[in-house]
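Trainee: I have a structure open and would like to talk through a few of its residues with you. Could we take it in questions and answers?

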Amino acid sequence: MAGSSSYLVKPGQVERKWYVIDAADRPVGRLASAIARILTGKNKPTYTPHVDTGDYVVVINAEKVKMTGKKATQSKWHYHTGHPGGYRAIPWARLVVEKPEFLLEHVVRGMLPRNRLKYASKLKVYAGPSHPHAAQAPETLDV
């Protein structure tokens, strides 16, 4: 195929936007997958796998996120303290009350690729309706 080539964006050519997403009454998984798409830049026609083409995402009202089915009681966050017998499992319902920002960050981070582009650093999650990123003039996005 002589003459045809793919367009690959270079790191200096990437234009980043800021988006605000309201998480109130949105299912966790659907919201997280939409956020992961924006963070990686897969929603843009200039997506390039080896370049971070994603945008910044500010999520507000993380404490009002919705879980469908029995996820609130059956799904758990698992971790180990490092000490003998240190296995812990916390149900999502308790996690939403105690650390609503952590739950959404954890779910989104699980949907992002594990590479050196560090997509999760562009995610900002807040439990309430306010955020300190007004200076970036973020656009409201309904996903």
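Trainee: Is aspartate 52 buried or exposed?

Mentor: Keep in mind that this is a predicted model. Aspartate 52 sits in the loop between α1 and β2. Buried means under 20% relative accessible area. Aspartate 52 has 14% relative accessibility, so it counts as buried.

Trainee: Which side chain joins that of aspartate 52 in a polar contact of 2.6 Å?

Mentor: Let's go through the surroundings. A polar atom of the aspartate 52 side chain lies 3.2 Å from the backbone nitrogen of glycine 54. Beyond four places in sequence, the residues in contact with aspartate 52 include Val14, Arg16, Leu39 and Tyr119. The side chain at 2.6 Å belongs to lysine 122.

Trainee: Which element gives the largest share of the largest nonpolar core?

Mentor: That core has 29 residues, and Ile35, Leu39, Val57, Val59 and Leu123 have the most contacts inside it. Two or more residues come from each of β1 (18-22), α1, β2, α3, α4 and β5. The largest share, 7 residues, comes from α1.

Trainee: Why are the buried residues of α4 on the same side of the helix?

Mentor: Helix α4 covers residues 100-111, and its buried residues are Pro100, Leu103, Leu104, Val107 and Val108. They pack against α1 (28-40), β2 (56-60), α3 (92-98) and β5 (123-125). One of them, Val108, is touched by leucine 123.

Terms used
Residues are numbered from 1 along each chain as its sequence is written. This is a predicted model: local features need pLDDT of at least 70, side-chain atom pairs count only at pLDDT 80 or more; totals for chains, interfaces and linings use all residues. Side-chain values use heavy atoms; hydrogens and water are left out. Helices (H or I, at least four residues) and strands (E, at least two) are DSSP runs, numbered from the N terminus. The expected span of a helix is 1.5 Å times one less than its number of residues. Buried means under 20% relative accessible area, exposed over 50%, partly exposed in between (1.4 Å probe, protein chains only). Contact means heavy atoms within 4.5 Å. A nonpolar core is a set of buried Ala, Val, Leu, Ile, Met, Phe, Trp, Tyr and Cys residues joined through side-chain atoms within 4.5 Å. A polar contact is a pair of N or O atoms within 3.5 Å; within protein, one must be able to donate a hydrogen and the other to accept it, and residues adjacent in sequence count only if both atoms are side-chain atoms.
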